[in-house]
Amino acid sequence: MKPMDVDQTILARRETIIAALRKIVRGEGVIDNEIGRRPYESDGFTAYANLPLAVVLPSSVEELQAVLSYCHAHDVKVVPRGAGTSLSGGSLPLQDGVLISMMKFNKIKEIDFENRFAVVEPGVTNSAITRAVEHKGFYYAPDPSSQIACSIGGNVAENSGGVHCLKYGLTTNNILGVEMVLMNGEIIRLGGGYLDSDGYDLLGLIVGSEGMLGVVTEVTVRILQKPECARALMIAFDSSESAGACVADVIAAGIIPGGMEMMDKPAIEAAEDFVNVGYPREAEAMLLVELDGPPVEVDHLVGLVEAIALKRGATQCRISTSEAERLAFWAGRKAAFPAVGRLSPDYLCMDGTIPRKALPRVLAGIRDLSEKYALRVANVFHAGDGNLHPLILYDANKPGELQRAEDFGSDILRLCVKVGGVLTGEHGVGVEKRDLMPEMFNEIDLDQQVRVKCAFDEKRLLNPGKVFPTLHRCAEMGRMHVHAGQLPFPDLPRF
C-alpha cells in the first residue's frame, strides 16, 4: 500500500489545532498524548497503523458540528471512527488528521414496534439493537460476525452484511433514515420512519460510503418480527467444489435460506477446536443452511435441501432438533475468525463477491494461488450470496510474508472480478482494496465517483486516502479553481 503524503504544515500547527479542539470538546474529550492515541492507531485491518494527530470524542451533535466546522475552515483532515472493527482499513487514521470517535453516541432514542423501526445513535452496537427489542419478539436482521462489538454507524459506512443477509438483506436494505453532519458542519437528514421518500435515493448513496461523505449521528433501522420457527442443517462434503455446486442448486430450486454459509477443512478444524460443537473434521467442506418461517414450511424446505445435498454427494447431513442445537451450529461459524487466528501469528481476511455459479472455479483458483504463494488459506464465507472471506495465513515477523500475503489477496480479488464479481461484499474498499479499484472501474467511472465525493466534501478533507487510488482536488474534476481571486490562464478570453 502506498502511504499518503503527510502535510508538514498541519504537523507544525498541531498544538494550535489541539488547543482549539479543547475549547470545543471539554474535559477528557480530546486525547493528544501518545499513550492515549495508541489504541486508535489501527482498526481491524492491523497490517497498517498510523498514530493520529489527535483523537476527539464529541458527545453531542453540536460538538461534532463545531469540530468539523473548525477542521473545514482550517483545512484539517478528519477520519470518523466507530468501534474500529473495519477489516479494510476504513478507519485507519492519518498522522496529519484528527480522528473522531463516535462511541459516545451510544443511546437508543426511540423504538416504535407498531411501525417496526428503532432510532439509534451510531455508537450503539449491532447486537444491542436486537437485545433492546427481543422482549417483544423483534430483532435487527444484519448480523456481521463482529456484531457484539461493531457499531451501527460503522455498519452504515461499510454496508455490513452477515449470516442472514441472503434472505433479509444487507445494512442498506434495513436502514430507513440517517441524520449526518457534513464536513462544513451542516446537518442533513435523509429518510426516516417511513417506507420511502421523494427525490433521489441519497440514503442509498450514504450507506456504504465509508465515512467519506459525512459523519452519521442518528440512524433509523428497520426491525423485524422473529420467525416462528428456524432449523439448521450441517452438511458435509468431500470437496469444496461439491459444496459450491450444492449452493447453486439450492438457490436454483427457488429456496432462499435465512442463512447459507460455507467453511473448508482448515476452517472446520479450527472452529471445532475452538467451540467443540461437533463439526465434521473429516469433511473437506461444510455447509450450514438455515430455513425459517412457519413450522410446516420449514419442515418441507429442510427435506428439499437435504435431498439436493445428498444428490450432490453430501457425506453427512445433520439437522438441528432444538433451538440450542441450532445455535450451537452457528456458534462455530461466528467464532471462525478468532478460531483461525490460533493457526497462525497473522492472517489477512479478504472480502470479494462472485456469482454463485462461479464458486467451484474460484475455490479451485484460490487453492492454486495458495500453492503459488506458499501460504495457507482457510475459506469462510457467505455462500448463498457469493461473498467470499478467504483467510490468508502468514507471519509478519518473517521478511516478505506480509507482502506475499497481500499479493495473494490481490490475485484472489482479481479472480473475483474476472468471473463477473466485485472487489468487496461487506468490508468496504478502505485502503486494503484502494489500489485495485482500476481492476473493476475505468478512469471515467472513478472520476464520476470522485465528483459525488466533491459534492459533499469539496476540500476532500473527510477520510481522504480511502477508496480512490488517485487523489484529485475537486477543481481538477472539471471545475475551475480560483485562488486568491486569480483565474488560471488570465490571457484567455472568458465567455
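**Sheet, rings and confidence**

Modeller: Happy to! In this predicted model, 4 strands make up an open sheet with mixed pairing, in the order β1-β2-β4-β3.

Biologist: Which strands stand at the edges of that sheet?

Modeller: An edge strand has a single partner, so one of its sides is left without a neighbour in the sheet. That applies to residues 30-31 and 77-81, which are β1 and β3.

Biologist: At about what angle does helix α4 run to β4?

Modeller: Helix α4 covers residues 61-73 and lies across β2, β3 and β4 (97-101). Relative to β4, the helix runs at about 165°.

Biologist: Is the pair of Tyr139 and Tyr168 stacked or edge-to-face?

Modeller: The ring centres are 6.3 Å apart. Planes over 60 degrees apart count as edge-to-face. Here the planes are at 85°, so the pair is edge-to-face.

Biologist: And is Tyr139 buried or exposed?

Modeller: Buried means under 20% relative accessible area. Tyr139 has 16% relative accessibility, so it counts as buried.

Biologist: How many residues apart are Tyr373 and Phe408?

Modeller: These two form a stacked aromatic pair, 5.5 Å centre to centre with 15° between the planes. Tyr373 is in helix α14 and Phe408 in helix α15, so the pair links distant parts of the chain, with a separation of 35 residues.

Biologist: What is the mean pLDDT of the protein chain?

Modeller: 95% of the residues reach 70 or more. Over residues 479-485, however, the pLDDT is below 50. The mean for the chain is 92.

Technical notes
Residues are numbered from 1 along each chain as its sequence is written. This is a predicted model: local features need pLDDT of at least 70, side-chain atom pairs count only at pLDDT 80 or more; totals for chains, interfaces and linings use all residues. Side-chain values use heavy atoms; hydrogens and water are left out. pLDDT is the predictor's confidence in each residue, from 0 to 100. Contact means heavy atoms within 4.5 Å. Two strands pair if DSSP finds at least two bridges between them. Helices (H or I, at least four residues) and strands (E, at least two) are DSSP runs, numbered from the N terminus. Axes are lines fitted to C-alpha atoms, for helices over the stretch in contact, and angles run from 0 to 180 degrees between N-to-C directions. Rings of Phe, Tyr and Trp (its six-membered ring) pair if their centres lie within 6.5 Å; planes under 30 degrees apart count as stacked, over 60 as edge-to-face and the rest as tilted. Buried means under 20% relative accessible area, exposed over 50%, partly exposed in between (1.4 Å probe, protein chains only).
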